[in-house]
Amino acid sequence: MRLIIIGCLVFISCASSADSKVYRWKDDNGNWVFSDVPRKGAQEVQLNKSMTMPAVDTKIFDTKIQQQATSYTASITSPNNEQTLRENTGTIYVTGQIEPSFTNGLKVQLTLDGKATGPMQTSTTFVINNVPRGEHTLVLKLYNAQGKTLAQSDSTTFFLHRKSVGN
């Protein structure tokens with residue numbers, strides 16, 4: 001709509017400098033139409049001969065405006081750092097958090113002891129099976145569609161206690 005208004009003002013300004021007449025009417029959608037060709041039902045627009053156009057910032061119409069880069073943070077919310085887990089099956093449930101909430105094209109990946117636990121995904125909830133007993137570290141990473149790391153959580157250490165194989 002702004003572009004139409006700016007275009008009309010430029011047209012009117014040019015028309016006034018050439019001493020032409022300008023006519024206006026409403027189209028079928030109720031929008032004002034300006035022309036130098038008269039039409040049935042059109043009204044002549046009275047122009048101010050000394051009309052000047054102020055400079056208008058048209059950057060808002062630029063479709064290539066680069067969006068500000070969003071700064072993301074990643075964190076592991078469960079298990080807590082240095083938490084001891086007791087799970088005889090070795091199944092660990094991990095939840096993470098990305099702030100602000102990530103959008104289309106972004107994915108997360110969880111690593112256990114430096115190795116990916118599975119493919120990248122869009123959920124920050126993970127289930128890891130058959131984790132051996134002992135000390136382990138988790139890191140959550142956020143990636144963009146091109147595979148670039150946007151955020152990485154601090155390392156979370158947990159200790160898994162399982163029933164001994166010898167018992």
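Is asparagine 130 buried or exposed? Select asparagine 130 and you'll see that, at 61% relative accessibility, it counts as exposed (buried means under 20% relative accessible area, exposed over 50%, partly exposed in between, with a 1.4 Å probe and protein chains only). Asparagine 130 sits in the loop between β9 and β10, and its phi is near 55 degrees, a positive value in a residue other than glycine. Most residues other than glycine have a negative phi, and most peptide bonds are trans.

Some ground rules before the next click. This is a predicted model, where local features need pLDDT of at least 70, side-chain atom pairs count only at pLDDT 80 or more, and totals for chains, interfaces and linings use all residues. Residues are numbered from 1 along each chain as its sequence is written, and side-chain values use heavy atoms, with hydrogens and water left out.

Now zoom out and color by pLDDT, the predictor's confidence in each residue, from 0 to 100. The chain averages 82, and 75% of the residues score at least 70. Over residues 63–68 the pLDDT is below 50, and that stretch has two contacts in the model beyond near neighbours in sequence (contact means heavy atoms within 4.5 Å).

Helices (H or I, at least four residues) and strands (E, at least two) are DSSP runs, numbered from the N terminus. Of the 167 residues, 27% count as buried.

Next, select residues 22–26, which is β1. β1 belongs to an open three-strand sheet, ordered β2-β1-β3 with antiparallel pairing (two strands pair if DSSP finds at least two bridges between them). The edges are β2 (32–35) and β3 (43–45), each pairing on one side only. From one strand to the next the twist averages 35 degrees, with axes being lines fitted to C-alpha atoms, for helices over the stretch in contact, and angles running from 0 to 180 degrees between N-to-C directions. β1 and β3 share three bridges; show arginine 24 and you'll find its bridge partner in β3, glutamine 43.

Moving on to β7, residues 107–112: five of its six residues are buried. β7 pairs with β10 (residues 134–143) in the antiparallel sense over six bridges, and lysine 107 stands opposite tyrosine 143 there. β7 also pairs antiparallel with β8, over two bridges, with threonine 111 opposite alanine 116.

Follow β7 into the turn. β7 and β8 form a hairpin with two residues between them, and aspartate 113 in that loop has a phi near 55 degrees, positive in a residue other than glycine. Aspartate 113 is partly exposed, with a relative accessible area of 39%.

Which residues does threonine 124 touch, not counting those up to four places away in sequence? Select threonine 124 in the loop between β8 (115–116) and β9 (125–128). Its contacts are Val94, Thr95, Gly96, Gln97, Ile98, Phe102 and Val108. Threonine 124 counts as buried because its relative accessibility is 18%.

Last stop, two cis peptide bonds. One joins serine 78 and proline 79, with omega about 5 degrees; proline 79 lies in the loop between β4 (73–78) and β5 (83–86). Another joins glutamate 99 and proline 100, with omega about -15 degrees; look for proline 100 in the loop between β6 (92–99) and β7.
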